[in-house]
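Here is a short briefing for a first look at this structure. Keep the model open while you read.

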Amino acid sequence: MSYTILQSMFNENPSNTWVFVGGEETAGSYAQCGFARNFVGQFEEYIRWTKASSEFSRQRYMINSGKSGYHMDTINANFVDLVTRFNPKAVVYLVSKEDLEISDQPKFKEILYLFIKKSLSLRAETSYCILITPHADKDPVQNQKAKACTQVIQELYQSLSLLQKKRVLLIPCYEKTNTPEFIEKCFQPNGMLNAVGHLFLGKVLSLFTYGSIAGFPVSSQEVQTLPGTSEAKVALRESISSPALLNNFQQEIRRQLNATSSAVWLFIGDSITHGALHTHGFNSIHQIFEKYIHETYGRKNDTIINTGVSGATTQSQLQHSTERFDLYPADFVVIMFGTNDAASSETISLSKFKKNLVLLIEAARKKHAIPILRTPNPIRSKDEREKMLPSYVEAIREVAKEQKVLLVDHFSEWMRMLEKYPFLLEEGNWNGDAIHPNTLGQLQMTQSLIKSCGLWKENNYFMKL
């Protein structure tokens, strides 16, 4: 069960994609974590940012197909939709509370073995299967079920062939969590995992796959309180206003949603879309949107994929389209570039930038997906990038109008709020540094995306900030 099994998952291969499946705890809802990342997101931050040393290693994409209410039998029945169509290199399964209710059935080993076989059949039988045993539970009855289920899983693992064991990793989560510290700190009063519990699972996963948690970017104290000044939170609540009506775009989005019960939203962009580092253990836009679309909007079968890469430009996106775009199905493609293009104005002129955006829109339409353009936020870098950025933002607006594409104009919204709250771009308010939004900034952008798409529902958890 050595982590060295997975060494090739951390090489420079440009498409080392992970798909996570499981039940309620893999889905990692707002009720469990609030706006903090679930264990999949915490693992992604560590593997795709902290332990990434190049543009390729930042492409270790994590796709979460966890669904509340799903157990192993359900997942096997829906394996193509949940896993196969994303063609992952590694399939990760956290044995969930839902599984504990069927793990004493004689057929459970058979169901689990089928899942392993399906997982190992991917990528011309070069893929990996990672099984995470259930975590310990504060409820004594549930804890006993988790212990018994772990024993069943271990027995099955021991029965695998030597060839299978070379591509199957069993993570002893029950053993690592059956401690007073985990029981005391990692659960809510109602028995759900909390944000600290998800962080703990993210570290366990990192330790047994990567082989280390050295330099893990967030502590258990940090994930318990949403960062940002109180004034910035007031401004965030105030910024929630209805956008200009975009009925044609909204109707198109709703038609697309009505046409499928499991839409895929593909986010592409640079570091602002990547969403690493500056959110300090909390969600970035695609993760916030994922919780919203699953829970508040009621589309739990939708999948959100984020292939944004820190440092990307429209030019590098086109050059690396295979692994950042072509590999994945999509019903909606959410596009945000400009911040790095503005810093590369000598090589990516405004006219080149516009042509690149048009190519990205055309690529989305070839997938029969709806493209959605986003402008970046204002910055305070005090250099050529800051000087050039408004021109690149205007170019995005022009392309959106010419191509008849929905535009989410974050730049205008932030500039409007800056007139009243000029401190918002300072670190700790809506930004984590001179350029990148922090969690509050990402929340504001998510609100804008949701409203512009015509998907806003009142009395949602954004209103509780």
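The charged end of K457 sits over the ring of Y297, at 5.0 Å from the ring centre. K451 does likewise with W456: its charged end sits over that ring, 4.6 Å from the centre. The model is a predicted one.

**Aromatic pairs**

- The structure holds 19 aromatic pairs.
- W18 and F43 form one of these pairs, with an edge-to-face arrangement.
- W18 and F43 are both buried.
- F182 and F200 have ring centres 5.2 Å apart and planes at 65°, so this pair is edge-to-face too.
- F182 lies in helix α12 (residues 180-185) and F200 in helix α13 (residues 195-209), so the pair ties together parts 18 residues apart in sequence.
- F200 counts as partly exposed, because its 23% falls between the 20% and 50% cut-offs.
- Ring pairs also join F10, W18, F20, F39, F43, Y46, Y210 and F216 into a cluster.

**Helix α14**

- Helix α14 covers residues 230-238. Its residues A232, K233, A235 and L236 are buried.
- An α-helix has 3.6 residues a turn, so residues three or four places apart point the same way.

**The five-stranded sheet**

- Five strands form an open sheet with parallel pairing. The order is β7-β6-β8-β9-β10.
- β7 (303-306) and β10 (406-408) are the edge strands, and each pairs on one side only.
- On average, neighbouring strands of this sheet are turned by 20° against each other, direction ignored.
- Strand β9 (residues 370-374) pairs with β10 in the parallel sense, over three bridges. R374 stands opposite V408 in β10.
- Helix α21 (residues 350-366) packs on the sheet and touches β8 (332-336) and β9. The direction of α21 makes about 150° with that of β9.

**Two buried residues**

- H274 is found in helix α16 (residues 271-274). Its relative accessible area is 5%, under the 20% cut-off, so H274 is buried.
- Which residues does H274 contact, leaving aside neighbours within four places in sequence? They are R48, W49, R58, S284, H286, N306, G308, V309 and S310.
- N377 is found in the loop between β9 and α22 (384-403). N377 counts as buried, because its relative accessibility is 0%.
- The C-alpha atoms of N377 and F411 are separated by 4.7 Å, although the two residues are 34 residues apart along the chain.
- Not counting residues up to four places away in sequence, N377 touches I272, L389, F411, W414, N431, I435, P437 and M445.

Conventions:
Residues numbered from 1 in each chain as written. Predicted model: local features only at pLDDT ≥ 70, side-chain atom pairs only at ≥ 80, totals over all residues. Heavy atoms only, no water. Phe/Tyr/Trp six-rings, centres within 6.5 Å; stacked < 30°, edge-to-face > 60°. Buried < 20%, exposed > 50% of the residue type's maximum accessible area, 1.4 Å probe, protein only. Helix = DSSP H or I, 4+ residues; strand = E, 2+ residues; numbered from the N terminus. Lys NZ or Arg CZ within 6 Å of the ring centre and 35° of its normal. Pairing = 2+ DSSP bridges. Axes fitted to C-alpha atoms, helices over the stretch in contact; angles between N-to-C directions. Contact = heavy atoms within 4.5 Å.
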